[in-house]
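User: I am new to reading protein models, and I would like to learn how to go through one feature at a time. Could you give me the general idea before each case?

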Amino acid sequence: MEILIFAPHWGSNELAPQAFIERVLEAGFDGIEMSLPQEPVARADWLQRIADAGLGLIAQQWETVFHPGFEAQHGALGELLHNACSARPLLVNSHTGKDYFTPAQNRALIELADAIGAQYGVPVLHEIHRSRFSGHPMLLLPYLEQLPGLRLTADLSHWCCACESLLEEQPETLAAVLPRVGHIHARVGHPQGPQVADFRAPEAQQALARHLQWWDEVVALRHAAGARQITLTPEFGPVPYTQTLPYSGQEVSNAWELNVAMLQLLRARYGRNRA
């Protein structure tokens, strides 16, 4: 099974496309995870540069967060997923629904995503994320029971925050969720927030060990299922995910540096293939 590790565009948006791609290549990532522009010329430029660099693409849609009502989000989700899927990425990572939508409304959004993904032959995975339909384990579990084809991006740092724990008391929940995971956002959270200041620090080692345990299990489950590959994206984010000092606003760590360090940790742990 091939292990592919992607660079997040989030946090590097200020860079010109080629400058970012060169940064990704220098670090040794296998591809880029990003939200593609909807403007045709800019979109085509990105896709050509990514292809020319020999990099893979995971497309995101997260902009539905700007549409708090169901009807508006339904329309926006359709447009954004057509834009993402038509690029024929490896997969699409979608921020889908809201924790305050009804179950029927969230199911309608998931079904729309499934239909668009099937139209293009592109898997659409739904990210575990605060404020989405998956924002808390007890919100997500009914959808897993009702939708056997539901596939997830695991960003369990959000549940650490939402549950104010490292999920030690929820083994049954994780046993139900992890087999549905097809993509991992490799960020380390803690019981009071979705991102530790630096996962390499001594005080972050307990949280890091828990996240590695979850990622190990996902990799093992995908391998046992005969999957051809598993994808991971280190996703330490910029301010305000990156913590700052009071008054000065100085960042206490550098998100890109952490993402490269996580790439190196994951590569050392998993290699490029799992036999």
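Analyst: Let us begin with helices: helices (H or I, at least four residues) and strands (E, at least two) are DSSP runs, numbered from the N terminus. The expected span of a helix is 1.5 Å times one less than its number of residues. The model here is predicted, so local features need pLDDT of at least 70 and side-chain atom pairs count only at pLDDT 80 or more, while totals for chains, interfaces and linings use all residues. Residues are numbered from 1 along each chain as its sequence is written, and side-chain values use heavy atoms, with hydrogens and water left out.

User: How many residues does H9 have, and what distance does it reach from its first C-alpha to its last?

Analyst: Helix H9 has 16 residues and reaches 22 Å between those two atoms, close to the 22 Å expected at 1.5 Å a residue.

User: Which residues of H2 are buried, and where do they fall when seen down the axis?

Analyst: Buried means under 20% relative accessible area, exposed means over 50%, and partly exposed lies in between (1.4 Å probe, protein chains only). In H2 the buried residues are Arg43, Trp46 and Ile50. Seen down the axis of H2, they fall within an arc of 65° and so line one face of the helix, where the arc is that of the directions from the helix axis to the C-beta atoms. On the face of H2 turned away from its buried side are the exposed residues Pro40, Val41, Ala51 and Asp52. Asp45, also in helix H2 (residues 40–52), is partly exposed, with a relative accessible area of 30%.

User: What covers the buried residues of H2, and what do those of H9 pack against?

Analyst: Contact means heavy atoms within 4.5 Å. The cover over the buried residues of H2 includes helix H1 (17–27), strand S2 (31–34), strand S3 (56–61) and H3. The buried residues of H9, among them Trp256, Leu263 and Tyr270, pack against S1, H1, helix H8 (205–224) and S8.

User: How are the strands arranged in the barrel?

Analyst: Two strands pair if DSSP finds at least two bridges between them. Here a closed barrel of eight strands runs S1-S2-S3-S4-S5-S6-S7-S8, with parallel pairing, and the twist averages 30° from one strand to the next. As one example, strand S6 (residues 152–154) and strand S7 (residues 181–185) pair in the parallel sense over three bridges, and the partner of Thr153 in S7 is His183.

User: Which residues does Trp214 touch, and is Trp214 buried or exposed?

Analyst: Trp214, which lies in helix H8, counts as buried, at 2% relative accessibility. Leaving out residues up to four places away in sequence, Trp214 touches Leu156, Cys160, Leu166, Leu167, Leu174 and Leu178.

User: How many disulfides does a search of the whole structure find?

Analyst: A disulfide is a pair of cysteine sulfur atoms within 2.5 Å. The search of the whole structure finds zero. Cys160 is in no disulfide, and the nearest cysteine sulfur, that of Cys163, is 8.1 Å away. Cys160 is buried, with a relative accessible area of 0%.

Conventions: Axes fitted to C-alpha atoms, helices over the stretch in contact; angles between N-to-C directions.
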